[in-house]
Amino acid sequence: MMDRKVEKYRLAIRILHWVHAGAFVLLFLTGLVLFVPVLGFLAEDSWTRVIHRVGATVFILAPVVYTILDPRAAIRGIKQALTWGQDDIVWLTAAPRYYFLGDEQSMPPQGSMNTSQKMWWFMVLVFGVVFVITGLVMWFGKASVPPSILRWMVFVHDVAFIVTGAMFFVHIYLSVFHPLMNESWASMTGGKISVRYARTHYGKWYQEVSRNKERKAR
Ligand code: HEM
């Protein structure tokens with residue numbers, strides 16, 4: 001029997017994800033060229049700097065456009081990243097056994113994102129703001145901002161690069177390759193997951209979704 005499906009990511013959020021991810025990859029690669037001295041020769045005629053600025057513009061504009069088009073969804077998403085509770089602590093404590101041994105017994109039911117996804121979303125939000133502020137000061141403040149402040153901006157921008165760069169690979173591993181997240185890729189490409197996957201991975205969220213459906217049907 002075919003598994004029933006439920007929508008996990010709407011088209012708008014999928015478009016935002018992939019446009020933002022594309023911009024991030026451009027920023028990451030062209031940033032790496034500036035960051036690693038042996039790659040410095042690639043930045044010599046500055047084309048990587050131009051691509052970095054194009055990437056930065058898309059990286060800023062994509063969430064801004066999304067927020068203008070659907071402010072309620074944007075606020076809901078931000079709230080989600082910032083709302084943490086007892087369940088998240090329990091989840092984090094049980095996470096090593098879950099990820100490495102596949103033990104799902106002690107995992108509390110999750111909302112539409114599990115705790116580690118929420119951590120990544122939280123990081124994207126906080127470091128996104130850090131990248132944008134420090135980047136804009138470096139871009140437009142070269143002539144007017146004191147050199148000591150500019151040096152701080154470079155330092156903070158670099159720290160954000162190292163932290164999010166490392167977590168970026170964890171994100172790809174968990175969402176594309178980890179055997180337990182086997183409908184993750186499908187959810188961010190086609191938008192849907194099976195009811196079975198929703199029940200086991202996002203129990204609290206699935207209950208809410210089915211309750212709302214029932215309410216609408218009545
Ligand atoms: C280009 C490589 C990337 C791939 C292959 C990828 C893949 C995915 C997938 C499959 C999901 C769905 C996870 C699930 O619900 O099971 C997801 C979610 C998400 N992605 Fe990415 N992603 C990439 C880059 C990025 C980048 C660069 C960012 C941030 C700028 C990002 C931010 C997010 C966020 C916030 C979520 C929702 C929370 C989560 O599931 O972690 N992704 N990604």
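**Entry 1**

I began with histidine 171, which is partly exposed at a relative accessible area of 23%. I note here that the model is predicted.

I then looked up histidine 17, whose relative accessibility of 23% also places it in the partly exposed class. The cut-offs explain both assignments, because buried requires under 20% and exposed over 50%.

I next checked the geometry of the site.

Histidine 17 belongs to helix H1 (residues 11-35) and histidine 171 to helix H6, so the pair ties together parts that lie 154 residues apart in sequence.

**Entry 2. Helices H5 and H6**

I followed helix H6 to its contact with helix H5. H5 covers residues 115-140 and H6 covers residues 147-177. I recorded a packing angle of about 150° and axes 9 Å apart.

I asked how the two helices are oriented relative to each other. H5 and H6 are roughly antiparallel, because angles over 145 degrees are counted in that class. I noted the crossing of H5 and H6 as left-handed.

I found 17 nonpolar and six polar residues, and no charged ones, where H5 meets H6.

**Entry 3. Valine 54**

I turned to valine 54 and located it in helix H2, which spans residues 47-69. Is valine 54 buried, partly exposed or exposed? With a relative accessible area of 47%, valine 54 is partly exposed; the cut-off for exposed is over 50%.

I then checked the position of valine 54 against leucine 26. The C-alpha atoms of these two residues are 8.8 Å apart in space, while 28 residues separate them in sequence.

**Entry 4. The chain as a whole**

I recorded nine helices and two strands in the protein chain. Read from the N terminus, the order of elements is β-α-α-α-α-α-α-α-β-α-α.

I looked up the extent of the C-alpha trace, which spans about 65 × 40 × 35 Å along its principal axes. I asked what share of the chain counts as buried. The protein chain has 218 residues, and 35% of them count as buried.

Definitions and conventions
Residues numbered from 1 in each chain as written. Predicted model: local features only at pLDDT ≥ 70, side-chain atom pairs only at ≥ 80, totals over all residues. Heavy atoms only, no water. Axes fitted to C-alpha atoms, helices over the stretch in contact; angles between N-to-C directions. Helix = DSSP H or I, 4+ residues; strand = E, 2+ residues; numbered from the N terminus. Parallel < 35°, antiparallel > 145°, perpendicular 65-115°, else oblique. Left-handed = near helix turned anticlockwise from the far one by under 90°. Nonpolar A, V, L, I, M, F, W, Y, C, P; charged D, E, K, R; others polar. Buried < 20%, exposed > 50% of the residue type's maximum accessible area, 1.4 Å probe, protein only.
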